[in-house]
Amino acid sequence: MQVRELMNPSVVSVGPADTVATAVQLIARHNVGSLPVVGEDGGLRGILTDRDILLRCIAAEENPAVMRVKDIMTRSCSVVKPEDDARQAARMMAASQVRRLPVVRDFKLVGMISLGDLAKCHMCDMEAGQALAQISHRQHPLWGG
């Protein structure tokens, strides 16, 4: 099964020049943990996670109303193509320790695929489960492991 068959083509994104406060509002409104960062040309520039906001803005005591997304976003993120195999996407999520991947065609964002999307595909149950196990098992200073 290909990524295009499972991905969500309706993606909420944020621009690099948007404020972190705007991004936080989008994250809250759409109940997501990350936003792809897309330039005016539709090209993927990176991803902004709730963790990026917490560590690089809030913990750093920066003002979210002033700070720009481009200053705290993760620039290098793993991506998949619509024609990639869904099982490969699950393996990439596990290797990258992420729960969702941007889907790009010609460097332009065309969708997102999540572990939840993969779990709905019975052909990918094993890969999705393994990916979740690897993501959830990573060491954390408060939880040990």
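What is the volume of the second largest pocket? In this predicted model, the second largest pocket has a volume of about 260 Å³. Its lining consists of 15 residues, and those that lie nearest the pocket centre are Asn8, Val32, Ser34, Arg100 and Met112. Two strands take part in the lining, E1 (34–38) and E4 (108–114), each of which supplies at least two residues.

Ser34, one of the residues nearest the centre of this pocket, belongs to strand E1. Ser34 counts as buried because its relative accessibility is 7%, where the cut-off for burial is under 20%. When neighbours within four places in sequence are left aside, the contacts of Ser34 are with Ile47, Leu48, Thr49 and Arg100. Arg100 is also listed among the residues nearest the pocket centre.

Helix H3 spans residues 86–96, and its buried residues are Ala86, Ala89, Ala90, Met93 and Ala94. These residues lie on the same side of H3, because the arc that they cover around the axis is only 140°. In an α-helix there are 3.6 residues a turn, so residues three or four places apart point the same way. The N-terminal end of H3 is capped by Asp85, which has a side-chain oxygen 2.9 Å from the backbone nitrogen of Arg87. After H3 comes Gln97, with a positive phi near 60°.

Cys121 is located in the loop between helix H4 (115–120) and helix H5. With a relative accessible area of 5%, Cys121 is buried. Not counting residues up to four places away in sequence, Cys121 touches Met1 and Leu6.

The average pLDDT is 87, and 83% of the residues score at least 70. The highest confidence is found in helix H1 (residues 20–30), at a mean of 97, and the lowest in helix H5 (residues 125–137), at 51. Over residues 139–145 the pLDDT stays under 50, and for this stretch the model has two contacts beyond four places in sequence. Where pLDDT is low, predicted coordinates should not be read in detail.

Technical notes. Residues are numbered from 1 along each chain as its sequence is written. This is a predicted model: local features need pLDDT of at least 70, side-chain atom pairs count only at pLDDT 80 or more; totals for chains, interfaces and linings use all residues. Side-chain values use heavy atoms; hydrogens and water are left out. pLDDT is the predictor's confidence in each residue, from 0 to 100. Helices (H or I, at least four residues) and strands (E, at least two) are DSSP runs, numbered from the N terminus. Contact means heavy atoms within 4.5 Å. Buried means under 20% relative accessible area, exposed over 50%, partly exposed in between (1.4 Å probe, protein chains only). The arc is that of the directions from the helix axis to the C-beta atoms. A polar contact is a pair of N or O atoms within 3.5 Å; within protein, one must be able to donate a hydrogen and the other to accept it, and residues adjacent in sequence count only if both atoms are side-chain atoms. On a 1 Å grid over the protein atoms alone, a cavity is a set of points where a 1.4 Å probe fits but cannot get out, and a pocket is an open set with protein on both sides within 12 Å along at least five of seven lines; lining residues have an atom within 4 Å of a point. Grid points are joined across faces, edges and corners, and a volume is the space filled by probe spheres set on the points.
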